[in-house]
Amino acid sequence: MHALTYLSVMAHKHKQDEDAYFYLQQAKMQMDTYSLPQYQYAKIPFHYAIYAKTAAQKEPHLLRVLELTELTPDHWVAQSSRKQLMDYYLDTARLDQAKQLVAPLTNDNAENNLLRARVAFSQSNVQEFLALATKAFEQARRTGQVSLSLDIALILCSAPELQTNYDFYTNYISEHATPNWSEQNKLKLNALNMI
C-alpha cells in the first residue's frame, strides 16, 4: 500500500495524473483485500486533496479524511487535514466552520491547542489566544516537535503588542530554526524583520 501511494505521488510530480489516480485506486483495492482499519483509508482522500489545485477543491477530500479518522483524531493525516481546513476557513472568513472543526477535539495536545488558539485570535479573544498558544508552544517543545514549536513561536511573534515574551520567542526562533523551516517561512520572517 505504501509503495502504491508513493508511486501515485511520483506520478503526480511527473504530471502523470492518470497514473497517479490509478495507483490510488490500486492502493484502495489492497486495503479492501486486507480489511485494513478505517483510518488507513483516509490516506486516499488525503492524496486526492494533495492533487487538487485549489483550497476549495481540497475541502471535500479533507473533510472525508476527518470522517475516516473520527476514531483516531490524532493520526497524522487527520491533523494535517484539520490544519489545512483551518487555514482555508480562516483565510475565507468562515469562522463558524473553523469553530466546528475544533469543537469535537478532546485531546489536550499542541496541534489541537494551536487550532483553538487560532480560532480565539480570529474572535479577538486575546487572553484565550495567548493562553492556548503558550500552552501549545510548551507542549510542542516538551514533545520534541521542533517545527511545530517554531510555527507557534512565529505566530506569537506576529503580534508583539499582545504579549510580553516577544524576545523569548524571537530568540527561540533564531536558535532553533532549520534552514528548511526558515525558507518555508521566509515571508513571515521578513515581515517581522527576523531575517
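A: A helix here is a DSSP run of H or I covering at least four residues, numbered from the N terminus. The model is predicted. In it, H6, helix H8 (110-122) and helix H10 (146-157) each supply at least two residues of the lining of the largest pocket.

Q: How much space lies in the largest pocket, and which residues are closest to its centre?

A: The space in the largest pocket is about 440 Å³. Its lining has 16 residues, and Asp87, Arg118, Asp151, Ile155 and Lys188 are the closest to the centre. By class, the lining comprises six charged, three polar and seven nonpolar residues.

Q: Which residues line the second largest pocket closest to its centre, and which helices contribute?

A: This pocket holds about 350 Å³ of space. Among its 17 lining residues, those closest to the centre are Leu66, Arg82, Leu101, Pro104 and Leu105. Helix H5 (55-68), H6 and H7 each give at least two residues to the lining. The lining divides into four charged, six polar and seven nonpolar residues.

Q: Is Ala93 buried or exposed?

A: Exposed means over 50% relative accessible area. Ala93 counts as exposed because its relative accessibility is 70%.

Q: What is the phi of Asn193, and where is Asn193 placed?

A: Asn193, also not a glycine, has a positive phi of about 55°. Asn193 lies in the segment after helix H13 (186-191). With a relative accessible area of 69%, Asn193 is exposed.

Definitions and conventions: Residues numbered from 1 in each chain as written. Predicted model: local features only at pLDDT ≥ 70, side-chain atom pairs only at ≥ 80, totals over all residues. Heavy atoms only, no water. Buried < 20%, exposed > 50% of the residue type's maximum accessible area, 1.4 Å probe, protein only. 1 Å grid on protein atoms, 1.4 Å probe; cavity = no way out; pocket = protein on both sides within 12 Å on 5 of 7 lines; lining within 4 Å. Points joined across faces, edges and corners; volume = space filled by probe spheres on them. Nonpolar A, V, L, I, M, F, W, Y, C, P; charged D, E, K, R; others polar.
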